[in-house]
Amino acid sequence: MPHDVAQAGDATELEDIAAKLLSLPGSLGSKLEAIERAAIAETMRSCGHNKSEAARVLGMDRKALERRWHRFQSEPAFPAAPRTVPEPAPPPSQRSG
């Protein structure tokens, strides 16, 4: 049985994901890539990870889908923001006081 992303539940879910991603800080390009990643992941899930079926539903070439899917699988979903890590507290036996 063919799967269509345009089904009411899937379309609403993808619209919600897109709206949330667009509201995040960052460049438009990174936001669009995150939306594409979410659309491909949701379509792959709904198609039982059948790449040919997912490509058909997304209206793209299977090889293009496969390249993007592999790229997305090898990259973190959202690159970690630089952060400072506090120094660990010394063990109780080494604390002054």
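Biologist: Is Glu-42 buried or exposed?

Modeller: In this predicted model, the relative accessibility of Glu-42 comes to 10%. Because the cut-off for burial is under 20% relative accessible area, Glu-42 counts as buried.

Biologist: How many Å apart are the end C-alpha atoms of helix H2?

Modeller: Helix H2 covers residues 28-46, which makes 19 residues, and at 1.5 Å a residue these should span 27 Å. The expected span is taken as 1.5 Å times one less than the number of residues. The model agrees with that expectation, since the end C-alpha atoms of H2 are separated by 27 Å.

Biologist: Which residue with a positive phi follows H2, and what is the angle?

Modeller: Helix H2 ends at residue 46, and a glycine comes after the helix. That residue is Gly-48, with a positive phi near 65°.

Biologist: Which helices are tied together by the salt bridge of Glu-36 and Arg-68?

Modeller: The side chains of Glu-36 and Arg-68 meet with an N to O distance of 3.2 Å. Glu-36, at 25% relative accessibility, counts as partly exposed, and so does Arg-68, at 31%. Because the two residues are 32 residues apart in sequence, the pair ties together separate parts of the chain, namely helix H2, which holds Glu-36, and helix H4 (residues 62-74), which holds Arg-68.

Biologist: What separation along helix H3 do Arg-56 and Glu-53 have, and how many Å lie between the closest N and O atoms of their salt bridge?

Modeller: Being three residues apart in helix H3, Arg-56 and Glu-53 are separated by about one helical turn. Arg-56 is partly exposed, at 46% relative accessibility, while Glu-53 is buried, with a relative accessible area of 18%. The side chains of Glu-53 and Arg-56 are also joined by a polar contact of 2.9 Å, and the closest N and O atoms of the salt bridge are likewise given as 2.9 Å apart.

Biologist: Which residues do salt bridges with shared partners join into one network?

Modeller: The structure holds eight salt bridges, among them the pair of Arg-56 and Glu-53. Salt bridges that share partners join four residues into one network, and these are Lys-51, Arg-62, Lys-63 and Glu-66.

Biologist: Which residues is Leu-58 in contact with, leaving aside its neighbours within four places in sequence?

Modeller: Leu-58 has its place in helix H3 (residues 51-58), and at 29% relative accessibility it counts as partly exposed. The C-alpha atom of Leu-58 is separated by 7.8 Å from that of Ile-40, which is 18 residues away along the chain, and Ile-40 is among the buried residues of H2. With those sequence neighbours set aside, the contacts of Leu-58 are Ala-39, Ile-40, Thr-43 and Leu-65.

Conventions:
Residues numbered from 1 in each chain as written. Predicted model: local features only at pLDDT ≥ 70, side-chain atom pairs only at ≥ 80, totals over all residues. Heavy atoms only, no water. Helix = DSSP H or I, 4+ residues; strand = E, 2+ residues; numbered from the N terminus. Buried < 20%, exposed > 50% of the residue type's maximum accessible area, 1.4 Å probe, protein only. Contact = heavy atoms within 4.5 Å. Polar contact = N/O pair within 3.5 Å; in protein donor to acceptor, adjacent residues only side chain to side chain.
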